[in-house]
Amino acid sequence: MAVLLVLGYFFINIIGNQSFDYDKSKYRLSIDDQTYDLHNPKQRWELPKELEEISGLSYYQKNQLACIQDEDGILFIFSLTKKEIVRQEKFAGKGDYEGVETIGDEVYVLKSNGKVYYFSLSNTDIDKVHEIETHLSHKNDTEGLGFESDLMELLIACKEDPGTKKVDVNKGRSIYKIELPDRDFKKKPRFIIKGKPYNEMLDANDLSKKKHKPFKPSGVAVHPKSGFIFIIGTVGKMLVVLNPEGDLVHLVPLDPELFLQPEGICFSPRGDLYISSEGRGKSGYILKF
């Protein structure tokens, strides 16, 4: 039995990580005047050991990204120019942290059980850590945190159960919101990615259902110019793009040879796209498009 389990694990990891045999055009996405080729990153950064299991990514300031990993409650500031961690701040104990957003010097961190922590990041220290009450729990397996600046909303993507104890949602992948500056969690989902339009777009784009179902969100970010919502999924190896009204408008496959375990996504103010991936035993890394 042990041998079979090992072989099964080997099979899933090796076969599941083979490159998709798609025309290269399927990896390109145009939003307004910007084109992203998700098969050809412009730049790659290998991360230090502390970020081998990087799970969340946010643009902090010029040439600096905020990062978290899914075991320790530590915020890391990574310099893209120095190619190293230039600051780290402990905000909580051990736990499964999955998303981060920085809004000025205010930092929000999402835990997989739906808890959201926030604190201010001064020049030398962090202020008292607070918690936002949500209706989400470990059943939702919350994995993505994004910020919609025009509406001043934090977006929370659920990997699993789309409903909560307050709202019954039978199917789909839910994205909830927290309204700022009051930090008010709204009980109804802001968006729901439903199976039918997802399946229809897979067919329309000639993408394999076997390779891309189920889709489970692992990161979310909002394009700074168009307001389109970008949602990546390690499970399903897909980038799903919604318009501001919540309609599904694009699907872009994430080649498993390039994206081992993509979990973090963010944009610079000019629209540069960054996606981070865990290293699966090797170095975690960040790709720029």
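**View 1. Aspartate 206 in the loop between H2 and H3.** Aspartate 206 lies in the loop that joins helix H2 to helix H3, and in this predicted model its phi is near 55 degrees, a positive value in a residue that is not glycine. Aspartate 206 is exposed, with a relative accessible area of 58%, which places it over the 50% cut-off for that word.

**View 2. The two faces of helix H2.** Within helix H2, which spans residues 195-204, the residues Tyr198, Asn199, Met201 and Leu202 are buried. Seen down the axis of H2, these buried residues fall within an arc of 165 degrees, so they line one face of the helix. The face turned away from that buried side carries the exposed residues Lys196 and Ala204, while the cover over the buried residues includes helix H3 (209-212), strand E19 (238-242) and strand E20 (248-253).

**View 3. Alanine 221 in strand E17.** Alanine 221 belongs to strand E17, residues 219-222, and is buried, with a relative accessible area of 3%. Leaving aside neighbours within four places in sequence, alanine 221 is in contact with Phe228, Ile229, Phe230, Ile265, Cys266 and Phe267.

View 4. The bond from leucine 180 to proline 181 is cis, with omega near 10 degrees, and proline 181 sits in the loop between strands E14 and E15. The bond from lysine 213 to proline 214 is also cis, with omega near -5 degrees, and proline 214 is found in the loop between H3 and E17.

**View 5. Asparagine 63 in the loop between E4 and E5.** Asparagine 63, placed between strand E4 (54-61) and strand E5 (64-69), has a positive phi of about 65 degrees although it is not a glycine. Asparagine 63 is partly exposed, with a relative accessible area of 31%.

Key. Residues numbered from 1 in each chain as written. Predicted model: local features only at pLDDT ≥ 70, side-chain atom pairs only at ≥ 80, totals over all residues. Heavy atoms only, no water. Buried < 20%, exposed > 50% of the residue type's maximum accessible area, 1.4 Å probe, protein only. Helix = DSSP H or I, 4+ residues; strand = E, 2+ residues; numbered from the N terminus. Arc of directions from axis to C-beta. Contact = heavy atoms within 4.5 Å.
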